[in-house]
Amino acid sequence: MNYGIVSQEQLEQIDTILSSKLIKLGVDCVIIIDMAGNIITAKDNGESKYDVYSFAALAAGNFATVDAMAKLVGEAEFSLLFHKGQDSNIHFSKIDDELLLISMFGKDISLGFLRLNVVEAIEQIRKVWEGTNG
Amino acid sequence: MSFINLKEKVVQVKIVYYGPGRCGKTTNLEYVNRKFRDQIQSEMVSLKTHGDRTLFFDFLPFDMGQIKGYDIKIQLYTVPGQVKYNATRKLVLKGVDGVVFVADAMEKQREKNIRSLNQLHENLQAYKESIFKLPLVIQYNKVDLKDHGVPILPTAVLRKDLNSRLKVPDFEASAITGYNVAATLKKIISSTVVSIQKKLL
Ligand SMILES: Nc1nc2c(ncn2[C@@H]2O[C@H](COP(=O)(O)OP(=O)(O)OP(=O)(O)O)[C@@H](O)[C@H]2O)c(=O)[nH]1
Ligand SMILES: [Mg+2]
């Protein structure tokens, strides 16, 4: 799969999905990164001020580490990766072998509700992706 | 692999500093971080042990300005050099666009440089990349030690050991004084950007 170049049209479709599925629900910030730590796209609610580039590098490293640990204990992968804090939480979800969707959200949203919407968003994103790269 | 965002016209380029333990990879990035503050928008991220050895990586994003209307964002990484950390070295190499191989010019490090370069070759193969094709610059670091009476290898020897087959651009340097740190960086950026430019329309 060639994920190195994404068309403007694809990115716009993906941004629309992220906005309508996640940001509208109250998610503070959503980032799609690749496993090398590049940012594919980032959307926020206009208030959050994260250093997304450093965040992407750390998130890719974090995910890769957990993935490598899964293999060591004989798991194909750990499907849920979630960090819970006092005021904010981070949720990681794999879109495919190369892409990761990361959501940052506060205490107003439950994990179950978020996961439900992340799953739907990912299904739609996969379709956009397959549309031109499949 | 670099990521090109056609919508926002941003190109992200990943450059990794690779080399044996304590050869000066982190010191290279620290110098860049101090010297080019105005081109760096965020803090350097260092995942390290208490003894200041790199545990996972250092990360420094660096703005290059525009080429053909695209914003070039250079992401500098270092790997952990200690022998036991090869699994993490491999993770950091994922998606690499260009490599700076930092060799330690100290005489007693001769074998370690060679072993580290060989392992870079193997690690790249695991990603189906070739050390002979990927943009690469070699740096012979710590040449300042000569003035302090520490035995260092003549550059001709280092070259023969490390660069006789690769024949890539190489520099003597001192990451601690900054000598040729910027020259090394400029060279790897230009080689990498040239190889990526072919993808830009
Ligand atoms: N004299 C001299 N010392 C240097 C130079 N570059 C680095 N050092 C010293 O070498 C030691 C190791 O430097 P680091 O930059 O941490 O080495 P590293 O390659 O990042 O090491 P790892 O993270 O373990 O892989 C430090 O004490 C540095 O101050 C140099 O050019 N000259
Ligand atoms: Mg280091």
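Predicted model: local features only at pLDDT ≥ 70, side-chain atom pairs only at ≥ 80, totals over all residues.

A: A salt bridge here is a side-chain nitrogen of Lys or Arg within 4 Å of a carboxyl oxygen of Asp or Glu. By that rule, Asp15(A) and Lys7(B) pair through their side chains, at 2.7 Å from N to O. The pair runs between chains, from helix α1 of chain A, which holds Asp15(A), to the loop between β1 (3-5) and β2 (10-18) of chain B, where Lys7(B) sits. Side chains of opposite charge can pair when their charged atoms come close.

Residues are numbered from 1 along each chain as its sequence is written, chains are lettered from A and ligands numbered from 1 in the order in which they are written, and side-chain values use heavy atoms, with hydrogens and water left out.

Now to the wider interface. Counting contact as heavy atoms within 4.5 Å, chain A contributes 26 residues and chain B 24 residues. The buried area (accessible area, 1.4 Å probe, that two parts lose on being put together, summed over both) is about 2,100 Å², and carbon and sulfur atoms give 62% of it.

Polar contacts are pairs of N or O atoms within 3.5 Å; within protein, one must be able to donate a hydrogen and the other to accept it, and residues adjacent in sequence count only if both atoms are side-chain atoms. Across this interface, 4 residue pairs are in polar contact, both residues at pLDDT 80 or more.

On the chain A side, the elements giving two or more residues are β1 (5-6), α1 (8-21), β3 (39-44) and α2 (52-72); helices (H or I, at least four residues) and strands (E, at least two) are DSSP runs, numbered from the N terminus. Of these, α2(A) gives the most, with 7 residues. By type, the chain A side divides into 12 nonpolar, 9 polar and 5 charged residues, with Ala, Val, Leu, Ile, Met, Phe, Trp, Tyr, Cys and Pro taken as nonpolar, Asp, Glu, Lys and Arg as charged, and the others, Gly among them, as polar.
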